[in-house]
Amino acid sequence: MMVTSKRRFFQRDQNVGFLFTLPFTIGFFVFTVVPIAYALYYSLTNYDVLTPSVFVGLNNYINLFTGDAVFWQSLRATTIFSLVSVPLRLMFALFVALLMLRPSRLSSLYRAVYYMPSIMGGSVAIAIVWRRFFASNGTLNALLGLLGISSSYAWLGHPNTAMLSLILLDMWQFGSAMLIFLAALKQIPQELYEAADVDGAKRSARFFRITLPMLTPTIFFNLIMQIISAFLQFTKCYIITEGKPLNSTLFYVVNLYYQAFKYYHMGYACAMAVFMLVLVGGITYIMFVTKKRWVYEV
Amino acid sequence: MKKLVALCLALMLLAACTATCYAEEEITLRMAWWGSQSRAEKTQKILSLFSESHPGVSFEYEIYSNAGSHNEMMATQAAANELPDLFQGGAMTLEQWVKSGMLLDLTPYIESGALDLSNVPESIVDQGRIGDGVYCVTNGLNCYALAYNATVAKECGVEMKYDMTWDEFNTATRTIFEKTGLKINMDYGFVSDIIDLVARDRGYGLYDGNKLGVPDASIFEEVFQYYLDGVTEGWHVSPEIFVEITPGVVETDPLITGSCWCTVASSNQANALATLIDDQFELGMTSIPADNPIQSHKVDPAQAFMISANTKYPELCVEIINNITNSVEWNQILAADRGVPINGSIAEGIINSVSGASTLSIQLVKYVSQHSSPASPTYPKGAEEFSTQTNLLLEQVLYGVITPAEAAQQLFDAASKILSAN
């Protein structure tokens, strides 16, 4: 009997594999590619959600770069936030991961406890708690009072300290980076450390000459992922400060949200989104290009 | 054999799904509104009465704490064409929504009598009229009010009455601040509303149709200077605390938390305020200061119920609006939390059955509605952005970044760009 062509189709691994990836591919196409294409299209129009869009060419982009002080302010705030919170978070994560290398009976407990903020931290509930924590009649001032420093300072009311509170919240969620570092640390071959001991290396040399170089691929990965997610932060700013005071804590995506859903400038917001795509893509590209200089590939 | 079993199982699953889908012909109406906890409780109570009299109808609520979040969420849902069946609308976006066909025209229901507006003054029905149709029905009337701590005012020998002038109010403010250290909150976060009242006082209005209604930046400068003086001299609450609280949310208002003796509120928030104050002091309510009260005062349809054009159950929604307007029982429960009822006879009727704070708001609205001048119920496109810009510039003045004069000029220049760009 002849093998039917259907049977032959399914016999080739390639085709079966393709079919298995179809759910993801369809989802990716419908929920990611198509919206991005729409955003690209709407960024060239003055779509305001309620009336049909009118093509305006590059007007949105021109207005964005030349006429919008809030846009530059939000970009500045988001960049400061990313450049400060990401390195701090990674350093903290690495520090805690190094502490947890020592096997102890409670190490699994510690790992769970230190990972918890990562899970809960991005939520609205924690953001609200954080807002109360830093309020002028909130927990932080109460704690300072217990230590003898009477304070009713409005931590969120001043531009510098407001940004600090957001950075602190981001640093608090170091759990996922910590776990990745822990896994990478455990993979560093012990022979290297033994060889170093034989050569009489000090603790600091062990860290800076062996541990850190061997960790650079992980650091690279974490850095890229964390910087991208830092640029896309929304909940923290929207719940805790809404960009105040003086727009000093206005994140890029929150500004985008206001433009789109508060002022109905959807086309303009799409232009902002496209710019963010280019910006983040550019940063990632630069990091990959300079990778060879500092990342030690085994 | 295996294939047969698999086929049978799949068919059974399909049958079960379809069975569940067609089992109940239950109607679920989606409703959205904003407001305090007490408003939520009262509204849910009247809706459960509706469910009792209409078996099979249940409600899905979307409750927001302030108008800002509500309007943003409605904008998002409007973009997806998924507005709730019945929702509380804000005046700022009414015209845009009507023009894009998002709202149901209520004229046929008014004409048929399903929505009985016979006891409602024509001027109020007109508040929901855009073009040829009526698209929303005012929940109730309210007006801006000063909500104050009457106990402290009495102790300091300050007389608070209707139609105080700005001079009288400023004296009162300073007296109470000197004696007790308590401050005022002149509607920080909604400065453009205060600017509008002051502009009306001077014979203008913040908006004139789709343009700015003031001829130059002097009124802006005056208002910004007022706030700056207040913060520098100490009798106005500092702007720093308005990052950790959201302006407009009654629960966190400085009057409640204790740093102010006077705040600006909508008259219909009297109940919510009283519940939160909980007998710690006596609540008083009076009109916003004005040098020309009749010119300045206005009665707002700040809330109105609208029906989405896509609703599957317009008759049920119309009936709900009808009950809110005309049912004595419902209004006794609501107790003017949504504003003084627009149906004249109901308003008279509930004055005797409500108590305390609701009486304050009803009396104030009654007074203001008889001593006020007309106001446009709709805002021009771009009003939301202009309002945010005003708040931002005031913030910059209060933080010492720019002077009131510079801020006023920037606002005036920005107005033409924001209001015309839309």
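Reply: pLDDT is the predictor's confidence in each residue, from 0 to 100. In this predicted model, chain B has a mean pLDDT of 84, with 95% of its residues at 70 or more. Local features need pLDDT of at least 70, side-chain atom pairs count only at pLDDT 80 or more, and totals for chains, interfaces and linings use all residues. Side-chain values use heavy atoms, without hydrogens and water, while residues are numbered from 1 along each chain as its sequence is written, with chains lettered from A and ligands numbered from 1 in the order in which they are written.

Me: In chain B, where is confidence lowest and where highest?

Reply: Where pLDDT is low, the predicted coordinates should not be read in detail. Helix H1 (residues 2–23) of chain B is lowest, at a mean of 72, and helix H10 (residues 218–233) of chain B is highest, at 92. Helices are DSSP runs of H or I, at least four residues, numbered from the N terminus.

Me: Which domains does the assignment of chain B give?

Reply: Domain bounds come from an automatic or database domain assignment. Here domain 1 covers 25–140 + 302–369 and domain 2 covers 142–299 + 375–421.

Me: How many residues of each domain of chain B are in contact?

Reply: Contact means heavy atoms within 4.5 Å. In chain B, 32 residues of domain 1 contact 31 residues of domain 2.

Me: How many salt bridges does the rule find across that interface?

Reply: The rule asks for a side-chain nitrogen of Lys or Arg within 4 Å of a carboxyl oxygen of Asp or Glu. Between domain 1 and domain 2 of chain B it finds zero.

Terms used. Helix = DSSP H or I, 4+ residues; strand = E, 2+ residues; numbered from the N terminus.
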